[in-house]
Amino acid sequence: MEDELEPSLRPRTQIQGRILLLTICAAGIGGTFQFGYNLSIINAPTSHIQEFTNETWQARTGEPLPDHLVLLMWSLIVSLYPLGGLFGALLAGPLAITLGRKKSLLVNNIFVVSAAILFGFSRKAGSFEMIMLGRLLVGVNAGVSMNIQPMYLGESAPKELRGAVAMSSAIFTALGIVMGQVVGLRELLGGPQAWPLLLASCLVPGALQLASLPLLPESPRYLLIDCGDTEACLAALRRLRGSGDLAGELEELEEERAACQGCRARRPWELFQHRALRRQVTSLVVLGSAMELCGNDSVYAYASSVFRKAGVPEAKIQYAIIGTGSCELLTAVVSVAGVDEGWGVQAGLTSTSPPPRPRQSSFPWTLYLAMACIFAFILSFGIGPAGVTGILATELFDQMARPAACMVCGALMWIMLFLVGLGFPFIMEALSYFLYVPFLGVCVCGAIYTGLFLPETKGKTFQEISEELHRLNFPRRAQGPTWRSLEVIQSTEL
């Protein structure tokens, strides 16, 4: 009998697998893809935007901008992106509670549409301020999506695939970086006349998400625990898992729902006050900071300068830049297959590979060695920290504290990105060939902490992870936690 039923069940399983895959793609294309895309496309039109800024100022005042003010205006255009990301990270928690995970991602595209309009008409209007405002808005979009997308996917995936599904956020980030680098080629939209279209092309992935995500289910956990809608939760589970045995997963969700009855959602600052969250918050702060302070994302923002310092011919720099994004995309795809083999260990191994910068000399092989070190650095980053750090808030915090944790993690990462992006040119100028020595120290510290203090989460439910963390936070207590683990309201008050 089982042999007779097996062929009929197989197509249904394949259909449900497709729905989960479509959910991942729809959330990612307008989510972390936008972060990577807008992070990399700004590198190609650097000189064109600087010229436009100078020409616009001269047309208004009759005098050109001094070189140092042109550089200052360009720095503002670049740095407004992480500043907007900080605002978006603070907005993500309330949005996730008020609108839900899926609707928040959809509403988030308002910022992309507005930014695309500003970018597209900035040259015709003769306003570099429109570019600045547009960069701020796409930053807000990236800040919201980078927090809500891992939350949405982590809550929608079965526990056996939760780590791999959450790591897909890193894949879409890397894919966005590569696509931004390719579209920014001089032969495509990187020319002196097409740069407004290059910046406005962020509208395309936003439109794809608006067309596809409404057809897919909301997070079952949010529907049951936050909304109290058992029927909607069961319908979402059936679409994501099929019509098989859902009793076990539904029972787990009901236990979490019962545990939070009468409980109030945690505010972001309360995470630092609660002793039961000490290990989680420490891990979030240490590894979230290390992810940005390792200097990887600054390579994309200042890739041209880095390769120029390494001695790469000017005509080939744009192709070398594509190689950096391709390295991270390759490792992000590969790491999905191995993320459940212990992502704490992977992060530790990843963090030990910062690139030394070999000195330019008369030996031609030093150029290739310099490029190999840069690519090795990006490869090592993509294996672990690129995706692992993004799912810490989903894995380590219970449902009631998770949105607050996402806000804290997102705000921290965007602040660090802003500081590193601001200081990177000065570090490069001061240290020259020893540019990555400070980043080496950060990577080693992150590796040590990951190996010694981060618990394994492979194949565990949120409740089992919560119980293990409670034992780590209260090592002298033999009995179980006095609070029911997984307090599960995903609501955060500011």
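Patches are made of residues with over 30% relative accessible area and no salt bridge, with like charges joined within 9 Å and nonpolar side chains (Val, Leu, Ile, Met, Phe, Trp, Tyr) joined within 5 Å. The model is predicted: local features need pLDDT of at least 70, side-chain atom pairs count only at pLDDT 80 or more, and totals for chains, interfaces and linings use all residues. Residues are numbered from 1 along each chain as its sequence is written, and side-chain values use heavy atoms, with hydrogens and water left out.

One nonpolar patch on the surface is formed by Val113, Ile117, Phe121, Leu203 and Leu210. Together these residues have about 420 Å² of accessible area. Accessible areas come from the Shrake-Rupley method with a 1.4 Å probe; for residues, only the protein chains shown count as cover. Two or more residues of the nonpolar patch come from each of helix H6 (109-125) and helix H10 (203-212). Helices (H or I, at least four residues) and strands (E, at least two) are DSSP runs, numbered from the N terminus. H6 gives the largest share of the nonpolar patch, three residues. Leu210 is found in helix H10. Leu210 counts as partly exposed, at 40% relative accessibility. Here buried means under 20% relative accessible area, exposed means over 50%, and partly exposed lies in between (1.4 Å probe, protein chains only).

The chain as a whole has 24 helices and zero strands. Of its 494 residues, 58% count as buried. The chain exposes about 20,600 Å², and carbon and sulfur atoms supply 65% of this area. Contacts (heavy atoms within 4.5 Å) were also sorted by sequence separation. Among those between residues at least 6 apart in sequence, 83% join residues at least 24 apart.

The interior was examined next. A nonpolar core is a set of buried Ala, Val, Leu, Ile, Met, Phe, Trp, Tyr and Cys residues joined through side-chain atoms within 4.5 Å. The largest nonpolar core has 88 residues. Those with the most contacts inside this core are Ile49, Ile131, Leu199, Leu271, Leu284, Phe397 and Trp414. Leu199 touches Ile41, Ile42, Ile49, Phe119 and Ile131, residues up to four places away in sequence not being counted. Another core lies apart from the largest one and has 16 residues. Val312, Ile321, Met371 and Ile374 are among its members. In soluble globular proteins, nonpolar side chains tend to be buried together.

The structure holds two salt bridges. A salt bridge is a side-chain nitrogen of Lys or Arg within 4 Å of a carboxyl oxygen of Asp or Glu. In one of the salt bridges, Glu129 pairs with Arg60, and the closest N and O atoms are 2.8 Å apart. Glu129 lies in helix H7 (residues 128-156) and Arg60 in helix H3 (residues 46-61), so the pair ties together parts that are 69 residues apart in sequence. Glu129 is partly exposed, with a relative accessible area of 35%. Arg60 is partly exposed at 43%. Glu155 also forms a salt bridge, with Arg101, where the closest N and O atoms are 3.2 Å apart. Glu155 lies in helix H7 and Arg101 in helix H5 (residues 101-107), so this pair ties together parts that are 54 residues apart in sequence. Both Glu155 and Arg101 are buried.

Cysteines were checked for disulfides. A disulfide is a pair of cysteine sulfur atoms within 2.5 Å. By this rule the count is zero. Cys233 is buried, with a relative accessible area of 0%. Cys445, by contrast, is exposed, with a relative accessible area of 53%.

Several residue pairs were examined for separation along the chain and in space. Arg18 sits in helix H1 (residues 2-29). Arg18 is exposed, with a relative accessible area of 52%. Arg18 and Leu240 are 222 residues apart in sequence, and their C-alpha atoms are 8.8 Å apart. Ala59 is in helix H3. Ala59 is exposed, with a relative accessible area of 69%. The C-alpha atoms of Ala59 and Gly126 are separated by 9.0 Å, while the two residues are 67 residues apart along the chain. Pro403 is found in helix H22 (residues 402-431). Pro403 is buried, with a relative accessible area of 0%. Pro403 and Pro268 are 135 residues apart in sequence and 8.4 Å apart in space, C-alpha to C-alpha.
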